Amino acid sequence: MLKQSSLFLVMLFFALSLPAADSFSLNPADFKLRINGGAEVTMKATGTGIEIVNRTARKSNTYGVLTTALALQPGTRYLLSCRAKGQNANGIVFALGPKWSPRFQLAGLGEEWKVFSFEFTPPAADFNNRNEYPVSILSENIAEQAFLTDITVAPAPEIKEDGSIIPDGSFEAAATDALPPGWRLHINRDAAVKMAVSEREAIDGSKSLLITNGSPRQPHVYGILERKIRVRPGIKYRLTLQARGENANFIRFVIG
């Protein structure tokens, strides 16, 4: 007779997410190019990215700029992120708003892809008459070759006082014998898996997440509990929890 396994997850502090619905993945084809001061610069879409070549050394009012506009929300904190690489690539800057302020420079580009992320909060005065906020990519110095890709703008993740970015990691806000709010349970091939908040065990507060599984291990038979949260590209995170169990096997975290 198979003995049912059980595991209590008492506190959970981190999980990873897919992009939020109010995120923007910037399409290179949506940018408009303007060249000023006779700059010898090309900035063009290449598949899902942008290629920049600039043969003009830095001088006043001489540059190339790509600009698009996004339907952001005034006063909301956003995270602008991208991946970039280049060769002798200088003077490549994200310039935000109609006055190109704030500015974020892509410094230290090399042969390997590098992840950049910058936070900003657009003020209401910087939106155009269509309630859109300008986002520009500026090339104002020598760049033998540079590539930008995966350019996104999304609301910045909220950090709780304890440093966690996952809401209610100790499951105190959830109803007993129910799924914690914001989490979704998927059962594959009729696995005998249950996951619900319980008051049988606790460390911080009075609740924990109880996982039970009466199915032996076999291909594609499982239960998975998941949720989405916002994180910052290129930042290292630590996943921590406290747990105990009885005959609790093959329980793992899957991220991404």
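## Close-up views of an all-strand chain

**View 1. At 23% relative accessibility, Gly-223 counts as partly exposed.** Here buried means under 20% relative accessible area, exposed over 50%, and partly exposed in between (1.4 Å probe, protein chains only). The model is predicted: local features need pLDDT of at least 70, side-chain atom pairs count only at pLDDT 80 or more, and totals for chains, interfaces and linings use all residues. Residues are numbered from 1 along each chain as its sequence is written, and side-chain values use heavy atoms, with hydrogens and water left out. Gly-223 lies in strand β16, residues 222-226. Helices (H or I, at least four residues) and strands (E, at least two) are DSSP runs, numbered from the N terminus. Beyond residues up to four places away in sequence, Gly-223 touches His-186, Ile-187, Ala-191, Val-193 and Met-195; contact means heavy atoms within 4.5 Å. Ile-251 sits 28 residues from Gly-223 along the chain, with 9.9 Å between their C-alpha atoms.

**View 2. The protein chain is built with 17 strands and 0 helices.** Of its 256 residues, 40% are buried. Take the contacts between residues at least 6 apart in sequence: 76% of them join residues at least 24 apart. The chain exposes about 14600 Å², with 48% supplied by carbon and sulfur atoms. Accessible areas come from the Shrake-Rupley method with a 1.4 Å probe; for residues, only the protein chains shown count as cover.

**View 3. An open antiparallel sheet holds 5 strands in the order β3-β6-β11-β8-β9.** β3 (32-36) and β9 (103-105) are the edge strands; each has a single partner, so one side of each lacks a neighbour in the sheet. Neighbouring strands are turned by 20° against each other on average, direction ignored. Axes are lines fitted to C-alpha atoms, for helices over the stretch in contact, and angles run from 0 to 180 degrees between N-to-C directions.

**View 4. Strands β6 and β11 pair in the antiparallel sense over 7 bridges.** β6 spans residues 63-70 and β11 spans residues 133-139. Two strands pair if DSSP finds at least two bridges between them. Thr-67 has Ser-136, in β11, as its bridge partner.

**View 5. Ser-101 and Pro-102 are joined by a cis peptide bond.** Omega is about 10°. Pro-102 belongs to the loop between β8 (92-96) and β9. Most residues other than glycine have a negative phi, and most peptide bonds are trans.

**View 6. Asn-88 has a positive phi, near 45°, and Asn-131 has a positive phi of about 60°.** Asn-88 is in strand β7, residues 78-89. With a relative accessible area of 41%, Asn-88 is partly exposed. Asn-131 occupies the loop between β10 (114-120) and β11. With a relative accessible area of 56%, Asn-131 is exposed.

**View 7. Leu-241, Phe-253 and Ile-255 form a nonpolar surface patch.** Together they have about 260 Å² of accessible area. Patches are made of residues with over 30% relative accessible area and no salt bridge, joining like charges within 9 Å and nonpolar side chains (Val, Leu, Ile, Met, Phe, Trp, Tyr) within 5 Å. A salt bridge is a side-chain nitrogen of Lys or Arg within 4 Å of a carboxyl oxygen of Asp or Glu. Phe-253 falls in the segment after β17 (241-246). Phe-253 is partly exposed, at 41% relative accessibility.
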